[in-house]
Amino acid sequence: MTDKPNDPAARRWHDMGGASAGPVPMDGHDFALWEKRVDALMVLCGSKGLLSVHGLRRVLEDMGEEAFENYSYYDRWIAAINQNLVEHGVYTLEELGTRMADVAARGGTYGEATDG
């Protein structure tokens with residue numbers, strides 16, 4: 001590693017500033033219901049002092065290149081929110097796992113609204 005700020009070898013994997021990333025898709029898209037819920041959860045947790053931009057960013061940057069390449073924006077966000085809430089003692093990993101299993105048992109269409 002080098003101390004030159006513009007040297008690509010000195011950057012972490014998520015730092016793409018100035019690097020070629022191909023064309024930017026300009027077509028708009030609507031957010032899925034679960035993505036809207038993740039966004040709302042982020043705002044709620046922030047307003048309750050359970051999460052900060054710094055806490056979110058720390059977890060996102062520590063996820064590693066594979067997570068950055070293979071998971072969606074909101075997949076990474078919900079993982080980072082959960083990590084911060086576990087660290088704040090809101091719930092344990094075991095409690096989260098139990099709850100996720102309960103929700104999965106309801107089936108794939110649980111929680112899907114017809115109007116978005």
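I began with burial: 19% of the 116 residues in the protein are buried, meaning under 20% relative accessible area with a 1.4 Å probe and protein chains only. This is a predicted model, where local features need pLDDT of at least 70 and side-chain atom pairs count only at pLDDT 80 or more, while totals for chains, interfaces and linings use all residues. Residues are numbered from 1 along each chain as its sequence is written, and side-chain values use heavy atoms, with hydrogens and water left out.

**Overall layout**

The order along the sequence is α-α-α-α-α. Helices here are DSSP runs of H or I with at least four residues, strands are runs of E with at least two, and numbering starts at the N terminus.

I then checked the surface. The accessible area comes to about 8700 Å², by the Shrake-Rupley method with a 1.4 Å probe. Carbon and sulfur atoms hold 56% of that surface.

Contacts came next, defined as heavy atoms within 4.5 Å. Of those in the protein with a separation of 6 or more, 63% join residues 24 or more positions apart.

**Helix α2**

I went through α2, residues 53-62, and found G55, L56, V59 and E61 buried. What do the buried residues of α2 pack against? They pack against α1 (33-47) and α4 (73-87). Just after α2, G64 has a positive phi of about 100 degrees.

**The core**

I looked for the largest nonpolar core, which has 13 residues. Such a core is a set of buried Ala, Val, Leu, Ile, Met, Phe, Trp, Tyr and Cys residues joined through side-chain atoms within 4.5 Å. M42, L51, L56, W77 and I81 touch the most other members. At least two residues of this core come from each of α1, α2 and α4. α4 gives the most, with 5 residues.

I followed L51 further. Neighbours within four places in sequence aside, L51 contacts M42, C45, G46, L56, I81 and N84.

**α1 against α4**

I took the axes as lines fitted to C-alpha atoms over the stretch in contact, with angles from 0 to 180 degrees between N-to-C directions. The axes of α1 and α4 come within 10 Å and cross at roughly 35 degrees. On the α1 side, the contact is made by W34, E35, V38, D39, L41, M42 and C45. On the α4 side, Y74, D75, W77, I78, I81 and L85 take part.

Methods: Buried < 20%, exposed > 50% of the residue type's maximum accessible area, 1.4 Å probe, protein only.
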